[in-house]
Every structure is written in C-alpha cells, then in structure tokens.
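Subject: Handing over the structure

Dear colleague,

I am passing the structure on to you, and the sequence and coordinates follow directly below. After them I have set out what was found, starting with how the chains meet.

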Amino acid sequence: MAEPARSRPAPAVEVRDLNLWYGTFQALFEIDLDVASGVVTALIGPSGCGKSTLLRSCNRIVERLGYVSTTGSIKVLGHDIHATDASPIQVRRHVGMVFQRPNPLPLSIRDNVLFAQRLHEPNRRSRSEQDATVEQALREVLLWDRVKDRLHERATSLSLEEQQKLCIARLLPTKPTVLLMDEPCSALDPAATTAVEELIWSLRGRYSILIVTHNMAQARRASDECVFMLMGRVVEHTPTERMFVAPARQETADYIEGRFG
Amino acid sequence: MTPPTVAPSAGARSRSAAQALDRRDRAWWQDLLARAVVGLGGISAVLFIAAIIVFIASQGFEFAWHRLSWSELLTGARWEPTAKPPSYGAWPLIAGTAWITAVAMAVAVPLSFAAAIYVGEFATGRRREWLKIVIETLAAIPSVVWGVVGLQVMNPLIQRLFDTPVGLNVLNAGIILGLMAAPIMTTLAEDALKAVPDAHREAAEALGATRWQTIRKVVLPHARPGLSAAVLLGIGRAFGETIAVLMASGHRLLPPSSVFDSAATITATIAAELGEAAVDSDHYQALFVLGLVLFCITFTINLLADWLVRGGRGRA
C-alpha cells in the first residue's frame, strides 16, 4: 500500500490487514491505513467502494447490523479496539462520529450536549459544571451565541446546519481524540456546507478527523491527506495537494478527473 | 340535381366526440360498483356503532328517564335488582371492574413492555418472527378457555399459595385478564417502538450508550405516546372482557377491599343477569343502563388512546 510521505507522530488510527464481510459479501479487502494525528484525512472514492464501511469500522458502529464479521486489527491511539477487554462503549467515547443526516436526539439542546458525559460518568456533575461543559462545547462549534437563550428547546427545532454543529458539539465533552465524519455536509445547503466545513477545519489540530466525502472540491480544500478507495481496497494515500496534482495511480487520476464514479 | 353532401355540422361533431369520450363500458360500471361496495363497507362501522347506541339507549331509556337515580346508580353500595324494594347501586360492580382492571394492568404492563422491548429491540431474524407469530396466536385464544384456566388452574393454585378459602377473586380474574390483554398490548407497544427512527438509536450508540441505555433514555421516551395508547387499549380490553372474568372473579356483588376478595364486574353482571330479567322490566332496563355506562367508558378510553397516538406523531 502507498505510504504517506511525511514523518510524523504516532498515527491516531492504525488499520492493519482489515477484511470485512456483510454476511457473505466482502466489503473491505486487506486495508492497511494510518490516519495521521491532528489533521484532516479525507476518504474519497465512488459509491459502494467501502469508505463508509471503513469509517464505521473505526468505532465499531458497523457491528450494529449484526451480520458483520471482520479480520485484522484497528488500533486507536495504540489500543486494539477489537481486543477482548475493549468494549465498543469505551471505543466510542474516544472516537466520536458525525452522520450524513444530522441526527440530534429528540431531547433538548442541553441534554444532547450532556448525553455522552452522563452515560460515562456515574456520578452526576453539579449544575454549574454541566453549564460550563455545555457552554464550552457549544462555543467550540460556534453555536453558543445562537442558542444560549434556548438551551431547553428541542434540538430538532434547530436548522439543519445548527443541528449538524450540535451533533459535533455533543461529541466534545467526553474529550475524544478521533472524530469520524460520514459525509457531514451532504444534507446541507451551500452556505451551511461552508460553515460546517470551516468548523471542521477549525477543529483540526485538537482532534484527528477522518471524513468521508463525495465532493472532490471539499476533499481538496478541506483535508490534509487523502485516501482514495476503490472496490473495497485502499488505492492511494497521499497528502491532498499531491493527490489532486500528481496522483500516483491511474485509477485515482481517472476518478478525480471525473472519468467514473 | 343531387343536393351537395353536407359536412356534419360543428355541433354534431362535438356531440359525437363527447359520446366517444363518455363510454360507459364494463370497466366504468365495475369501477362504480366496486366503489359503492367498499364505500358501504367503510361506513358500515359508523352505522353499526350508531345502531348499537340507539338500541342500548332505547332499551334502558324509559327506566333511566323516569325512575332511576343516577347518583344511586354510580355510588349506591347495593346491587339488588330483585329485592323488594329493589336497589340499583352499581358501585360494587364499578369497584370490582376497577380493581380487576388495576390488577390486570399490573400484570400486563410489565409483561407486555418487556416482551415488546425484547421482540422489537433485541431479538433478530427467525427468532423474532417466530415470537411475533406466537404472540399473535396467544391473542387468538378464546376467552372461555382463559376462564377455564382461571377456574381450574388458578383457583386451586391461589388457594394453596395464599391459603385463602376461595381462589376465585380479584387476583385470579386480574391475572387472567392481564394475560389476555398482554398480547395485543405487546403488539401495539412493539409498533410504537418500531416507529422510533433508527437514526436515534444509532446516534445514542455512537455516543457510547449501551443497548439498554439507548432504550431507556432515547427509545422509550420517544415512544411514550404510543406506549400509553397500548396501555389504554389494554385497559379497554380488560374493561370489556366478560366471560373469563365471570368465571374467575367469583362474582360476588360487594365492593372488594383486597385482591383476595371475590368481586363482580359490570360486564359479568350484565351477562349473568340479562337472561333471567323479564324483558322491559326495571331490572332488564337497568342492565342496559349499565351497558351504556360501560360503552361510555370504553369509548372514552379509545378516544383518549387515539388522541395520544396522533398527538405523539404531531410532536415528533
């Protein structure tokens, strides 16, 4: 597999020889991938190439389907997430996920932000600590000023853009290290897309972000590294500027120039 | 000279065009007939309800209007329609119905919700399909069979377990009614759970919630209107059930003061006494008034359940 060029600190996510089957259908083949720490890595490729499956493997949410089997390993910060003493619950605390359609829980804005923290900490925090957590998380996603007077309203009453920002905000209180994003802007209009993209870019550095996108322009302007997948395999993994200027593989060139997919 | 052939006038032409369009062929008549038949079927429910109300009210009207004291009916402690002078206090029946229904719900709500959560949220594949079939079969067991179970199985069991002289009591009838209401409540509760979008479950699980946390904090609150409707319809079922209760409750015409007392319900009293009351006698008419009371209660419950489900959909 193509090796990323730069030297860098330990990767945030290390995927080794990952194979994944939905029942008898094999969706991923021998994936080896290092997701660099503290940058934005974009996963691109045509529909059905396995990029969402790979993303959803990183927090084991793919296993919800019940008929999924895997071989190989995924390490997050050096810990094997499939180890016998690792539970998906702990993995998901460190690996947050944003979905294609904003999916705030049918609770208040405040309760959405505090949801994960309340799950993971048996002792309830004091009101003022909770308030601080909510404010900090909402400030970080640039939503605080817009919603601070209606924290008790239903999260579903927000606009789609605000909902998606809230969905990012509610990941932050448990201090995750990796954020997985599955086409986070595909349900948004252009202005909202720009706003959410800028937000994601601003989170760079503090979090390692792995983002699936269908949008070549988005991958190009809002990622540090790019991973091109085809038919369940990683074809190429290079810094973004290199992939769009001088792709190493013919398939990559064909795809980013729009000859298929 | 032959007259020039006249082209058909514009009016005649449009008339024939209209005739061509207005072809009442077989399909047209079939459509008319099918619409009439299904339309009649559709509104027949309304007709039946109206007819039943009119019938019940007409049978009890004369007595209810002239001689019945409503306050005595609703609060009077003695139901002795054949005594001299007769007493038409339905309180023992109302209290008996309420007690038995309460016990029934205490049995049915935990049982049906647990079953619904298991079938809807945990069971998968073939096991889930099998369970659903079994639950539906359970709902189809005739109520007289349940009555026999109350009489022959529960009765000695309760006598032995609780050392009571009679095992035909509120507890017995309540458990039997609860088991009878549980399958339909399970089906309704499962529908309510199924209506919760999977995106909510996925969101909660991605945030690190266990399956149970997801159910408790997200699924159940979101499904609450539907679950309430399930309970209400179960209550309606328990209120209206007759033969099984008559067999299992002991049919004692006094307000019960514990679950080990025998009791009588409104439905069982109507069933037991209507056959021996002379047609159009006060007793006969009083039973129809009871029927009207029962009808009003179940109608209100159903309306409430319907309102809850609609309200829930509107809010979500």
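Across the interface of chain A and chain B, the rule finds four salt bridges. Please keep in mind throughout that this is a predicted model. One salt bridge joins the side chains of Arg56(A) and Glu202(B), with 2.4 Å from N to O. The contact as a whole draws on 21 residues from chain A and 17 residues from chain B, and the area buried between the two chains comes to about 1700 Å², 62% of which is given by carbon and sulfur atoms. On the side of chain A, Arg64(A), Phe115(A) and Leu119(A) together supply 33% of the area that this chain buries against chain B, which is more than any other three residues supply.

Turning to the strands of chain A, there is an open sheet of four strands in the order β2-β1-β4-β5, with antiparallel pairing. Its edge strands are β2 (25–35) and β5 (79–80), each of which pairs on one side only. Within this sheet, strand β1 (residues 13–22) and strand β4 (residues 68–76) of chain A are joined in the antiparallel sense over eight bridges, and Leu20(A) has Thr70(A) in β4(A) as its bridge partner.

Strand β1 of chain A also holds Asp17(A), whose phi is near 50°, a positive value in a residue other than glycine. Asp17(A) has a relative accessible area of 41% and is therefore partly exposed. Arg60(A) is another residue other than glycine with a positive phi, in this case near 60°, and its place is in the loop between α1 (51–57) and β4 of chain A. Is Arg60(A) buried or exposed? With a relative accessible area of 12%, Arg60(A) is buried, because the cut-off for that term is under 20%.

Strand β3 (residues 40–44) of chain A runs parallel to β9(A) and is joined to it by four bridges, whereas strand β10 (residues 233–239) of chain A pairs with β9(A) in the antiparallel sense over six bridges. In general, strands of a sheet pair through backbone hydrogen bonds, and they do so either parallel or antiparallel.

If its neighbours within four places in sequence are left aside, Asp254(A) is in contact with Arg259(A) and Phe260(A).

In chain B, a nonpolar surface patch of about 410 Å² is made by Leu138(B), Ile141(B), Val144(B), Val145(B), Val148(B) and Ile243(B). Helix α6 (residues 143–162) of chain B gives the largest share of this patch, with three residues. Ile243(B), by contrast, has its place in helix α10 (residues 243–248) of chain B, and at 33% relative accessibility Ile243(B) counts as partly exposed.

Two further features of chain B complete this account. The peptide bond from Lys84(B) to Pro85(B) is cis, with omega near -5°, and Pro85(B) is found in the loop between β1 (79–80) and β2 (87–88) of chain B. Helix α11 (residues 266–273) of chain B is mostly covered, with six of its eight residues buried, namely Ile266(B), Thr267(B), Ala268(B), Thr269(B), Ile270(B) and Glu273(B).

With best wishes

Note on methods. Residues are numbered from 1 along each chain as its sequence is written. Chains are lettered from A and ligands numbered from 1 in the order in which they are written. This is a predicted model: local features need pLDDT of at least 70, side-chain atom pairs count only at pLDDT 80 or more; totals for chains, interfaces and linings use all residues. Side-chain values use heavy atoms; hydrogens and water are left out. Two strands pair if DSSP finds at least two bridges between them. Helices (H or I, at least four residues) and strands (E, at least two) are DSSP runs, numbered from the N terminus. Patches are made of residues with over 30% relative accessible area and no salt bridge: like charges are joined within 9 Å, nonpolar side chains (Val, Leu, Ile, Met, Phe, Trp, Tyr) within 5 Å. Accessible areas come from the Shrake-Rupley method with a 1.4 Å probe; for residues, only the protein chains shown count as cover. Buried means under 20% relative accessible area, exposed over 50%, partly exposed in between (1.4 Å probe, protein chains only). Contact means heavy atoms within 4.5 Å. Buried area is the accessible area (1.4 Å probe) that two parts lose on being put together, summed over both.
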